[in-house]
2 protein chains.
Amino acid sequence: MQQKSDVMDKIVSLCKRRGFIFQSSEIYGGLGSVWDYGPLGVEIKKNVKEGWWRSNVYERDDIEGLDAAILMHPQVWMASGHVSSFEDTLVDCKNCKKRFKAEQVFGKMCPECGGELTEARQFNLMLKTHLGPIEEAGSLSYLRPETAQGIFVNFQNVVNSMRRKVPFGIAQIGKAFRNEITTGNLTFRSREFEQMEIEFFVKPGTDEEWYRKWVDERFGWYVRFGMREENLRKRQHEQNELAHYAKACTDIEYKFPFGWSELEGIANRTDFDLMQHMNLSTKDLQYFDDESKEKYVPYVIEPSGGIDRSVLAFLTDSYREEEVKGDKRVVLGLHKRLAPVKIAVLPLLRNRPEIVSLAKSITGDLKSSYKAMYDDTASIGRLYRRQDEIGTPYCITVDVDSLTDKKVTVRDRDSMKQDRIAVDQIKEYMVDKFK
Amino acid sequence: MQQKSDVMDKIVSLCKRRGFIFQSSEIYGGLGSVWDYGPLGVEIKKNVKEGWWRSNVYERDDIEGLDAAILMHPQVWMASGHVSSFEDTLVDCKNCKKRFKAEQVFGKMCPECGGELTEARQFNLMLKTHLGPIEEAGSLSYLRPETAQGIFVNFQNVVNSMRRKVPFGIAQIGKAFRNEITTGNLTFRSREFEQMEIEFFVKPGTDEEWYRKWVDERFGWYVRFGMREENLRKRQHEQNELAHYAKACTDIEYKFPFGWSELEGIANRTDFDLMQHMNLSTKDLQYFDDESKEKYVPYVIEPSGGIDRSVLAFLTDSYREEEVKGDKRVVLGLHKRLAPVKIAVLPLLRNRPEIVSLAKSITGDLKSSYKAMYDDTASIGRLYRRQDEIGTPYCITVDVDSLTDKKVTVRDRDSMKQDRIAVDQIKEYMVDKFK
């Protein structure tokens, strides 16, 4: 088995080399802690998002989707508490001018040069911008630091337009921004990131039961998409580490090569947010229960996951090195639904036009249903290794015999078992394999 | 037929009432020209994006996907010309302090109060922000005003990681931001919007042919997704309206209720962007053609579409009012692939538990494959009208007979024709209808 500390380096190198993740603006020396997803990265990320949306919005009947904008009215962030208290405490070195989180250097000299440090100062983590033609207080706006508030301010809109009854939830996927000082570990903590969040509205008193249900449901989701259970754990927050709005919170943590770290947090946010918005906007955000004729502000259970760190966890979790007949084989054993390419079609001989033509026609047929690719730029052994490394579940090889027996070889990524399948049966075969 | 001018009002009202589009931060009085997509809006938008991605990235074999970040290195925008020339010319009224685009009031007094206007001043349309703990020149960053540049700076990364040969394209969907002064017409022109862009790299000399191909391909795409051809037109830019980087540009315009307006622009951007980035970054962005042993900077054909305005066009284009037996019926005749809900299951009698239970079980079965919904909150006539209005292609009605003959009624949105289908045949029936 490879050393855990190596794995991160290997993932970083694989991500760049095979087009999963590139540094933003790399030709200009890069932009710190901002990342671009390449041709394979965009596919795995799309698949994670689609899997989450399908599980929550399509397959359940108690959740609606939403896509609120990144820009919101600044009062939203006053109500939520982000303007006053979404802060890091920072110190500067008087000598080398570097800046650090106070908690990392408390009571010490500068870790870089040994110089004296300034007093600690508060620093808000929201990114600011200005809307309208001049920069003035009235035009100040923020890039949302969480997608959650877009859901809270639309609570009544969704109840009314969708005739929803509590308990129900609103799910949203979208970008959020934080002016992080300490970043690193590839996409794990970045300044621009994507969240998948549900705000699930329940009747006060039923919140603790729903909270427990959601912790289990979300833990199970990662396992269903192939993450190894021994690399996942639930960690309940201590009373003193709870956010100001939370009654309880459990993190789902993944055992990354750099240690156990949060993938998703499930919080009982109580009625904090709706109450705050009700007070500041003076709009009535209470819910009227038709049956019991009661009016109340719902409690909220929030499963909030990071898409970028999920993708990173799925990549590291599925990465393995094997020895096959004395050769090293790198495999991304991704769940079929997450794999960026589903099927690769490989001609055994690229200088035989009939073989190339048959392989291309099979690729063309598969493309309408699956992300399929054709590759003839190397020997078959090397082509297999390339596909294993990016997690392609099935390779179809077209050989000389295919021209007469009208059959091709389908190779399974994990077992490396090969099936000989009639060309006109491939689609059916794949429908079965991917169902 | 309804008046064209009414249609926009009806669409705005339908969008809010049925959960397609809400004003951002509405409970705080709204944020100007920023919009949130509600439960049905997020689905139609997802379907437009998925349709575009599938047509371009999956079904073609000459395009790779990408998902670059919104934040980029500020030098990107110097190279692209946005820092120096992405500007509006504005004037202020000395009396009432209102601000206008100079082109709208040139040589006149204030259109609001008749006051004297100031000299014209330049105003950059990019939204600014600062990364890092202090706001200083070195931390200045921009929210991208177009997704295109994320593709150009990753050109070499994609060529290398995907072993691509020119001609090939890179496709991207993502948010962009512009500090627009003149906005309006719902989501047509907003400060935060989403683009679907392809940068297609070709050998210089073949650019004009590829440009024409892409104009036709993109025009055909809207038609294939059901937009009426008589409401679409191509408009070639005059030499004097071309952007500084473009050799030629054709807009695909849609006949909105407020007039012919741009849905998408297809531009021949020549080698302008890659050359600019090559000069400023001093990185070699030339392409080496293996076969001809030539080195060159590719030309670029850019089909650049707006997702929000596409959604708006699909909504207005499919909106119709009909009279059925003396009753008014509002229908969104959306293409099946774009419809936010694919199938609605409706019990004829909601006080018969066996009927409700059968209807819910059918909904559950369909949910794994289609966005399906169950509704029993009104009489059947009203339930049909609700589904017609949001464009649901099929309604399944469960009635008393269903309990004995194990059949249900499937109603087609457009023809209103009804088929009686066995419960265990519904899935097969729908597979056929949606293929």
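Reader: How many residues does the contact take from chain A and from chain B?

Author: Contact here means heavy atoms within 4.5 Å. On that basis chain A gives 82 residues and chain B gives 81 residues. One caution: this is a predicted model, where local features need pLDDT of at least 70, side-chain atom pairs count only at pLDDT 80 or more, and totals for chains, interfaces and linings use all residues. Residues are numbered from 1 along each chain as its sequence is written, chains are lettered from A and ligands numbered from 1 in the order in which they are written, and side-chain values use heavy atoms, with hydrogens and water left out.

Reader: What area is buried between chain A and chain B?

Author: The size of an interface is often given as the accessible area lost when the parts come together. Buried area is that loss, taken with a 1.4 Å probe and summed over both parts. Between chain A and chain B the figure is about 6,900 Å². Carbon and sulfur atoms give 56% of it. In chain A, Ile27(A), Tyr28(A) and Tyr58(A) lose the most area to chain B. Together they account for 12% of what that side buries.

Reader: Now charge pairs. How many salt bridges are there between chain A and chain B?

Author: Side chains of opposite charge can pair when their charged atoms come close. The rule: a side-chain nitrogen of Lys or Arg within 4 Å of a carboxyl oxygen of Asp or Glu. Over all chains that gives 86 salt bridges. Between chain A and chain B the count is four. One of them pairs Lys45(A) with Asp67(B), with the closest N and O atoms 2.8 Å apart. Glu50(A) and Lys46(B) also meet in a salt bridge, at 3.1 Å from N to O. Glu50(A) lies in helix 2 of chain A and Lys46(B) in helix 2 (residues 39–58) of chain B, so this pair joins two chains.

Reader: How many residue pairs are in polar contact across the interface?

Author: A polar contact is a pair of N or O atoms within 3.5 Å; within protein, one must be able to donate a hydrogen and the other to accept it, and residues adjacent in sequence count only if both atoms are side-chain atoms. Across the interface of chain A and chain B there are 38 such residue pairs, both residues at pLDDT 80 or more. Which element of chain A gives the most to that side? Helix 2 (residues 39–58) of chain A, with eleven residues. Helices (H or I, at least four residues) and strands (E, at least two) are DSSP runs, numbered from the N terminus. By class, the side of chain A that touches chain B has 35 nonpolar, 21 polar and 26 charged residues. Nonpolar covers Ala, Val, Leu, Ile, Met, Phe, Trp, Tyr, Cys and Pro; charged covers Asp, Glu, Lys and Arg; the others, Gly among them, are polar.

Reader: On to sheets. In what order do the five strands of the open sheet in chain A stand?

Author: Two strands pair if DSSP finds at least two bridges between them. In chain A the order is 21-20-22-23-24, with mixed pairing. Strand 21 (372–374) and strand 24 (418–422) of chain A stand at the edges with a single partner strand each, so one side of each has no neighbour in the sheet. The twist averages 25° from one strand to the next. Strand 23 (residues 407–412) and strand 24 of chain A pair in the antiparallel sense over five bridges. There, Val408(A) has Ile421(A) as its bridge partner.

Reader: Which strands does helix 11 of chain A touch?

Author: Angles run from 0 to 180 degrees between N-to-C directions, and axes are lines fitted to C-alpha atoms, for helices over the stretch in contact. Helix 11 (residues 353–367) of chain A packs on the sheet, touching strand 20 (343–347), strand 21, strand 22 (394–398) and strand 23 of chain A. Its direction makes about 165° with that of strand 21 of chain A. Helix 14 (residues 426–434) of chain A lies across strand 20, strand 22, strand 23 and strand 24 of chain A, at about 165° to strand 22.

Reader: Where is a cis peptide bond in chain A?

Author: Most residues other than glycine have a negative phi, and most peptide bonds are trans. A cis bond joins Val166(A) and Pro167(A), with omega about 5°. Pro167(A) lies in the loop between helix 7 (155–162) and strand 10 (168–177) of chain A. As for phi, Thr270(A) has a positive value near 50°.

Note on methods: Buried area = accessible area lost by both parts, 1.4 Å probe.
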